[in-house]
Amino acid sequence: MHILVVGGGTGGTILANNLARRLAPEIRKKKVSLTLLSASDRHMYQPGLLYVAFGEMSVDELYRDEASLLSSHIDFHVDPVETFRLDQNEVLTRSGQTYEYDILVIATGSRIVPDQVPGLKEGAETFYTEAAALKLFQRLREFEGGTIAVTVDVPHKCPIAPVELIFLLHDYFKLRKIRDKVHIKYHYPIGRIHTIANVAKWAKPEFDRMNIEYETLFNMKEVDVENKVVRSEEGTETNYDLLIAVPPHRGMAVIEHNQLGVGGWIPTDRYKLTMDGHDNVYVLGDTTNLPVSKTGSAAHFEAEVVAENIAAVVKIGSPVRDYDGKVYCFIEAGHDRATYAMFDYSNPPDLKPASKPMHWFKVAYNQMYWNSVRGLL
Amino acid sequence: MNDAAETPLEPTENDDLARLIEFAQIVTAGRDAMSDHIVARVAKVLTEGLNLLDSVTRNSGLMRLFQVLESEDSQALLIAIADALHQAGRDIGGAEPAAGGLGSILRTARDPNTQETLRALTTFGALVSQSLRTQYASD
């Protein structure tokens, strides 16, 4: 049996390593082969980008060679898929190779598309790429006062990130003793300050305490770079001195080009994590269209379920578990405090008060991530 | 005697409270001493340690080696090797340099120790080859 995993990010790497553990005897006896295809030979710890933007992590801490993270039972190739031929159970890669499979897992992730909003790419800073995070770090260091506008487009990677950004900005300027010179205005596209109701409920009094101005129902229409104005579809606008945006996101271009899902979001069964209409194709991570957060945490828990089910299919012919929508997200609530949100399809998050030990747990997890992707945690 | 009878056998509430306060002070002191960098460094060491342990325990060769090394026979061999290393170091360091020439080589060939060494090496080599052939044959 050939198992093919496409995508070497958090979900794909955890899945492949998890499968390598579970199916080690079968792989040794050559009854199962396990192949991972990735577009990159490096693995990035994406949540670290926000820390880079605030000077709390260095860029080199974010990367490891993908091969160093993988079990020796995994056949790894840096050769991105260009064509999915699901009806023929095969994919075609950039190098011209054809990989046949019995079971396919698509874990290709998502990308930012700032071009979708006129002026956004030129006018806004962000922290969703290495270069952007480093540039934002410089801009923040040079910022001596004025209005910082934070805008958000949904869906996006790490739904908690906009709220964390506000907390970190507040504490950053407090530590620099210029918080009174900085006006922070937060814009969110729906009728509350966060898509997750309990996070919005928890964050609102914190925003008030920190003197954060916020405007909801603000869907970015365009950025007037010359005049430093960001405008909404709703007709409002905000003048800024520094614009920090959580840009629009889409699934990877290859998913759109192969028409696997509108916007690159693949229609996925919310419990089985199979692609609609294809029982031998699993989908996990950002590229699903599931009503869960696009986070590494979701990819992690999805990978656990998919690995268990694929291993069960190999060993006993049938999957054994459903995904319950579980997500676990740390929330940095400032320079040295954090809390967390844990929720699933049935249970909304119940946020605890932020604390220093929880912040240290997150700091520790920034390292322990490298155990997670090896399928250990 | 009266004093002894009046001496409480159970800790008083104040003693427990004092201990709790002491413990809380230690925790607070530890917390004050900690920094993000300390947490990150310790976490990194633990992470790499766990990854290393994972690699070792998933290496069937290493795990088999540990299993074999646990046997009494293997321990005897390891002790013999360790003792030999120690003594050989002293003997070699204390010996005169080899004279060189064909006569010296012939003397070495006739030395029973040379034959002991060759026998040990050929026995070891034969067993390794046999094991490798068995493993590759089962693939």
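Predicted model: local features only at pLDDT ≥ 70, side-chain atom pairs only at ≥ 80, totals over all residues.
## The six-stranded sheet in chain A

Let's start with the open sheet of six strands in chain A, which has mixed pairing. Reading across, the order is β5-β2-β1-β9-β20-β19. The two edges are taken by β5 (75-78) and β19 (274-275) of chain A, and each of these pairs on one side only. At the β5 end, strand β2 (residues 33-38) of chain A pairs with β5(A) in the parallel sense over four bridges. If you want a spot to look for, A:Ser38 sits opposite A:Val78 in β5(A).

Is β9(A) covered on one face or on both faces? Both: A:Ile103 and A:Val105 are buried on one side, and A:Leu104 and A:Ile106 are buried on the other. Helix α1 (residues 10-22) of chain A lies across β1 (2-6), β2 and β9 (103-106) of chain A, and runs at about 165° to β2(A).

## The three-stranded sheet in chain A

Chain A also has an open sheet of three strands, ordered β14-β15-β16, with antiparallel pairing. β14 (220-224) and β16 (237-239) of chain A each have a single partner strand, so one side of each has no neighbour in the sheet. From one strand to the next, the twist averages 15°.

Between β14(A) and strand β15 (residues 229-232) of chain A there are four bridges, and the two run antiparallel. One pair to pick out is A:Glu222, whose bridge partner in β15(A) is A:Arg231.

## A pocket with residues from both chains

The second largest pocket has a volume of about 540 Å³. Which residues come closest to its centre? Out of 23 lining residues, they are A:Gly55, A:Glu56, A:Met57, B:Asp36 and B:His37.

Several helices contribute to the lining: α7 (161-175) and α11 (356-372) of chain A and α3 (36-57) of chain B each supply at least two residues. By class, the lining of this pocket has eight nonpolar, seven polar and eight charged residues.

## Chain B

Chain B has seven helices and zero strands. Of its 139 residues, 6% count as buried.

Helix α6 (residues 102-110) and helix α7 (residues 112-137) of chain B cross at roughly 65°, and their axes come within 4 Å. The residues that meet are B:Thr108, B:Ala109 and B:Arg110 from α6(B) and B:Pro112, B:Thr114 and B:Gln115 from α7(B). That contact has two nonpolar, three polar and one charged residues.

Most residues other than glycine have a negative phi, and most peptide bonds are trans. The bond from A:Val154 to A:Pro155 is cis, with omega near 0°. A:Pro155 sits in the loop between β11 (146-152) and α7 of chain A.

Two residues have a positive phi without being glycine. A:Lys177 has phi near 60° and is found in the loop between α7 and β12 (182-187) of chain A. A:Gln259 has phi near 55° and lies in the loop between α9 (253-257) and β19 of chain A. A:Lys177 is exposed, at 70% relative accessibility, and A:Gln259 is exposed at 74%. In the loop between β19 and β20 of chain A you'll find A:Gly277, which is exposed at 75% relative accessibility. Its C-alpha atom is 9.1 Å from that of A:Pro267, ten residues apart along the chain.

How values were computed: Residues numbered from 1 in each chain as written. Chains lettered and ligands numbered in written order. Heavy atoms only, no water. Pairing = 2+ DSSP bridges. Contact = heavy atoms within 4.5 Å. Axes fitted to C-alpha atoms, helices over the stretch in contact; angles between N-to-C directions. 1 Å grid on protein atoms, 1.4 Å probe; cavity = no way out; pocket = protein on both sides within 12 Å on 5 of 7 lines; lining within 4 Å. Points joined across faces, edges and corners; volume = space filled by probe spheres on them. Nonpolar A, V, L, I, M, F, W, Y, C, P; charged D, E, K, R; others polar. Buried < 20%, exposed > 50% of the residue type's maximum accessible area, 1.4 Å probe, protein only.
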